[in-house]
Amino acid sequence: MRKKIIAANWKMHMTQSESEAFLTTFLREIEDNDTVEVVIVPPFTSIPKVSELLTQTQNIKVGAQNMYWERSGAFTGEISPAMLRELFVRYVVLGHSERRAIFGETDEIVNRKVHAAYEEVLRPIVCVGETLGQREKGDVEKVLSTQLRGSLANVGAKELHETVIAYEPVWAIGTGKTASAAEAQKAHAFIRKTLAELTDEATADKVRIQYGGSVKPDNAHELLTQPDIDGALVGGASLDPRSFAQIVKAGAPNG
Ligand code: PEP
């Protein structure tokens, strides 16, 4: 049984004081959730505050939105896996479509970062997803296959087990358009099949695959009850502690 994993990608939002205000409300709303793993993914500057405030919570982890692959060195403006680890970061989002589109990240770059994450015992959340043009051309599976095979090159079964995949159709991110539950399930099943080809079926069966793209309290239940959807990567709706708490509750077995 795969435990659901629901992550809040705050992007370039939330100062330290805003993060503190968010968590005060969110922790009250969420009560004693122990069936869903929650990951808060703040901007780098708010990570220390969020980590400090979450030291007592078992099921809420801290993630980062990006990192560089080197351990240290002359890389002005970059953050290393070891620096994140020291701040109790457990997950790192890699290859988000905004990083790919705005900052030119390729599958090869994502792959280097994925391996650097394993070395520092960070769990990567690897994002894949097609653009609207690619979907309209009927290329969804081709794009997903290329991104998965490139981003996960030379990843073995043991590491893949520690990895989360986020299926995020680019046309659904921040647009209010969501893939239908059936469309999302189809893509997730294809991703799991590809993971089995990369390793083996037993491993692929254990990997959690999140859906991301305009997840809101009112569509979360339908998406999260699809057989291959094991969680959500939430942008806009994760900035409101009550909305995000509702999405987390929708991921609980009786949600
Ligand atoms: C995201 O940034 O990963 C995302 C899915 O954003 P939104 O929920 O706003 O579409």
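Predicted model: local features only at pLDDT ≥ 70, side-chain atom pairs only at ≥ 80, totals over all residues.
View 1. Residues are numbered from 1 along each chain as its sequence is written, and side-chain values use heavy atoms, with hydrogens and water left out. Helices (H or I, at least four residues) and strands (E, at least two) are DSSP runs, numbered from the N terminus. Axes are lines fitted to C-alpha atoms, for helices over the stretch in contact; angles run from 0 to 180 degrees between N-to-C directions. Contact means heavy atoms within 4.5 Å.

**View 2. Eight strands close into a barrel.** The order is S1-S2-S3-S4-S5-S6-S7-S8, with parallel pairing. From one strand to the next, the twist averages 25°. Two strands pair if DSSP finds at least two bridges between them. S1 and strand S2 (residues 36–41) run parallel and are joined by six bridges. Asn9 has Val41 in S2 as its bridge partner.

**View 3. Strand S6 sits between two parallel partners.** Four bridges link S5 to S6. Ile125 has its bridge partner in S6, Val164. On the S7 side, S6 again pairs in the parallel sense, over four bridges. There, Tyr167 stands opposite Tyr211 in S7. Which way do the residues of S6 (residues 164–167) point? Val164 and Ala166 point one way, and Ile165 and Tyr167 the other way. All of them are buried. Buried means under 20% relative accessible area, exposed over 50%, and partly exposed in between (1.4 Å probe, protein chains only).

**View 4. Helix H11 has a buried side and an exposed side.** H11 spans residues 217–224, and its buried residues are Asn219, Ala220, Leu223 and Leu224. Seen down the axis of H11, these buried residues fall within an arc of 125°, so they line one face of the helix. The arc is that of the directions from the helix axis to the C-beta atoms. An α-helix has 3.6 residues a turn, so residues three or four places apart point the same way. What do the buried residues of H11 pack against? Their partners are strands S1 (4–9), S7 (208–212) and S8 (231–234), together with helices H9 (181–198) and H12 (241–250). Asp218 and Glu222 are exposed, on the face turned away from the buried side.

**View 5. Aromatic rings pair up, and an arginine lies over a ring.** Rings of Phe, Tyr and Trp (its six-membered ring) pair if their centres lie within 6.5 Å; planes under 30 degrees apart count as stacked, over 60 as edge-to-face and the rest as tilted. By this rule there are six aromatic pairs. In one, the ring centres of Tyr68 and Phe75 are 4.9 Å apart and the planes stand at 45°, so the pair is tilted. Tyr68 is buried, at 17% relative accessibility. Phe75 is partly exposed, at 32%. Elsewhere, Trp10, Phe22, Phe26 and Phe244 form one aromatic cluster. Arg99 lies over the face of Phe103, 4.1 Å from the ring centre. A charge sits over a ring if NZ of Lys or CZ of Arg is within 6 Å of the ring centre and within 35 degrees of the ring normal.

View 6. Most residues other than glycine have a negative phi. Lys11 sits in the loop between S1 and helix H1 (16–30). Val121 is exposed, at 58% relative accessibility.

**View 7. Thr203 is buried in helix H10.** H10 covers residues 201–206. The relative accessible area of Thr203 is 8%. Which residues does Thr203 touch, not counting those up to four places away in sequence? They are Ala157, Leu160 and His161.

**View 8. Asn254 lies in the segment after H12.** Asn254 is exposed, at 71% relative accessibility. Asn254 and Thr35 are 219 residues apart in sequence, and their C-alpha atoms are 9.9 Å apart in space.
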